[in-house]
Amino acid sequence: MSSFKSWRRAPENFLSAQTLEDIQRAGFDAQRRELVAKAFLAATGSAAMVLSKSAWGASVAQEVLPAGARTTVGEDDPHILQLPPHTTHLGNPVAMRGYGLPSQYEGATLRRESPGLTKVRESSVAFTPLQNLFGIITPSGLHFERHHSGWSDIDPKHHRLMVHGLVKKPKVYTLDDLMRLPSVSRIHFLECGANTSMEWASPAVPTVQYTHGMLSCSEFTGVPLSVLLDDCGADLSQAQAVLAEGADGSSLTRSIPMDHALDDVLVAWGMNGEMLRPENGYPLRLVVPGVQGVSWVKWLRRLKLGDQKFATRDESIHYIDALPNGLYRQYSGIQECKSVITTPSGGQRLIEHGFYNITGLAWSGRGKIKRVDVSVDGGRNWQTAALQEPVLSKCLTRFNLPWRWNGERCILQSRAIDETGYVQPTYGALRAVRGSQSVYHNNAIQSWRLDATGEVLNVQVD
Ligand code: MTE
């Protein structure tokens with residue numbers, strides 16, 4: 001195991017000394033806790049949210065992970081014996097909110113920008129709060145955002161999709177035309193090729209939201225691209241790639257190889273049962289399962305078939321991998337097998353010794369997750385985690401491992417293996433092949449150091 005490298009704190013995820021003291025003082029009757037811990041063992045592992053003011057002035061979450069139930073449950077607990085006001089009168093009427101919103105008490109679960117990451121907010125990233133989510137589906141309002149030149153809410157009546165190039169019948173479709181075609185719904189992860197990019201040289205950001213939050217997973221609904229290509233009479237004897245273009249200021253373009261285009265790619269309008277959100281490509285986006293996010297062209301307006309890849313700006317100077325020999329690798333689109341522990345993770349604090357559920361996410365652009373191993377000693381020993389159903393191809397898989405923390409400093413890691421047998425690499429193994437000058441495609445094993453104080457920090461282990 002090599003030395004640990006430095007880390008920085010996220011202003012919104014750490015507790016002040018005073019808050020910690022208040023938490024410790026509240027309800028820490030040792031005897032009672034022992035009883036309660038036994039009774040509630042199965043329900044443990046969830047994070048109690050404590051709201052505070054961040055450095056940016058917004059109200060944000062700080063997470064405290066209790067070992068057993070941490071509340072003052074007992075005969076004198078006023079929350080059991082006194083009827084709360086909401087049980088004594090009528091509640092709010094139906095349809096008070098035509099479109100539902102999260103509880104006011106969950107206001108800290110937010111997409112967040114990494115301070116200073118980009119010069120302007122229109123060409124930036126908002127990260128998904130992986131540490132706050134359950135299961136595998138990302139709520140649409142928390143889906144990460146990555147725009148090259150901002151987003152617009154496009155009027156679908158005026159939006160068109162042109163299919164041309166090596167086709168017998170070039171066509172222009174309206175959204176209505178497309179929605180009349182046979183559609184499918186599938187659950188897939190979407191990961192930006194730049195996810196975890198800030199960590200290539202050394203740990204740079206403190207929480208899983210920033211290290212891994214350019215990652216989301218949704219059910220997408222749309223027409224298979226193969227159906228559209230058939231409808232337009234694609235010349236499959238000549239066509240090698242489809243160029244996809246977006247209707248934003250950057251006119252983002254990517255080449256999709258023909259074998260992929262005819263396989264599982266969708267022209268999608270639906271996300272999690274409703275229309276796409278404007279930030280995520282409303283009214284149309286390409287869904288390219290298993291492939292880096294940049295190929296999932298948003299606000300899709302043009303598909304052109306050509307006899308070779310198009311080598312556009314977005315695939316020649318961006319999203320390419322610097323190699324140790326000074327050359328660059330192009331078109332390395334598939335997102336290799338990767339995993340991360342989301343709880344306990346950087347910025348969280350364990351306030352008691354005892355039982356915790358170690359949980360996280362694993363995914364592979366090449367198919368299903370076969371196994372996830374978890375280490376609590378920096379990679380010396382590994383235990384196999386339970387995979388939570390469903391385990392789907394090119395989709396996030398939730399894993400869990402019950403664990404008892406004895407209060408000692410330890411290093412938590414997860415290592416995923418996919419159905420091809422590929423094993424997620426250590427930082428040492430990845431850097432041996434790729435060097436440390438890369439930006440994209442970092443799928444190394446993530447390490448979280450849990451200190452005796454209960455604080456969890458981002459560290460790297462080669
Ligand atoms: N499509 C267009 N037209 N413009 C863009 O800036 N960003 C790409 C891709 N599609 C982008 C785009 C990148 S780099 C990623 S990672 C994904 O969209 C992000 O999708 P999301 O914003 O829905 O998370």
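The lining of the largest cavity divides into nine nonpolar, five polar and six charged residues, where Ala, Val, Leu, Ile, Met, Phe, Trp, Tyr, Cys and Pro count as nonpolar, Asp, Glu, Lys and Arg as charged, and the others, Gly among them, as polar. The model is predicted, with local features requiring pLDDT of at least 70 and side-chain atom pairs counting only at pLDDT 80 or more, while totals for chains, interfaces and linings use all residues. Residues are numbered from 1 along each chain as its sequence is written, and side-chain values use heavy atoms, with hydrogens and water left out.

A cavity is a set of points, on a 1 Å grid over the protein atoms alone, where a 1.4 Å probe fits but cannot get out, whereas a pocket is an open set with protein on both sides within 12 Å along at least five of seven lines; lining residues have an atom within 4 Å of a point. Three cavities of 30 Å³ or more are counted by this rule. The largest cavity has a volume of about 230 Å³, a volume being the space filled by probe spheres set on grid points that are joined across faces, edges and corners. Of the 20 residues lining the largest cavity, Arg146, Arg285, Gly293, Val294 and Lys298 are the closest to its centre.

The largest cavity is the space taken by the ligand, a molecule being assigned to a cavity or pocket if more than half of its atoms lie within 2 Å of its grid points. Around the ligand there are 21 residues, of which Phe144, His148, Asp248, Arg285 and Lys298 come nearest; a residue is near a molecule if one of its heavy atoms lies within 4 Å of it. For polar contacts (pairs of N or O atoms within 3.5 Å), an oxygen atom of the ligand lies 2.7 Å from an N or O atom in the side chain of Arg285. A ligand oxygen atom is also 2.7 Å from a polar backbone atom of His148, and one is 3.0 Å from a polar backbone atom of Arg146. The protein covers 100% of the 530 Å² of accessible area that the ligand has on its own, as computed by the Shrake-Rupley method with a 1.4 Å probe.

The second largest cavity, with a volume of about 50 Å³, has a lining of seven nonpolar, two polar and one charged residues, among them Leu130, Phe134, Thr138 and Arg398. The second largest pocket holds about 470 Å³ of space, and its lining comprises 11 nonpolar, 11 polar and eight charged residues.

Terms used
A polar contact is a pair of N or O atoms within 3.5 Å; within protein, one must be able to donate a hydrogen and the other to accept it, and residues adjacent in sequence count only if both atoms are side-chain atoms.
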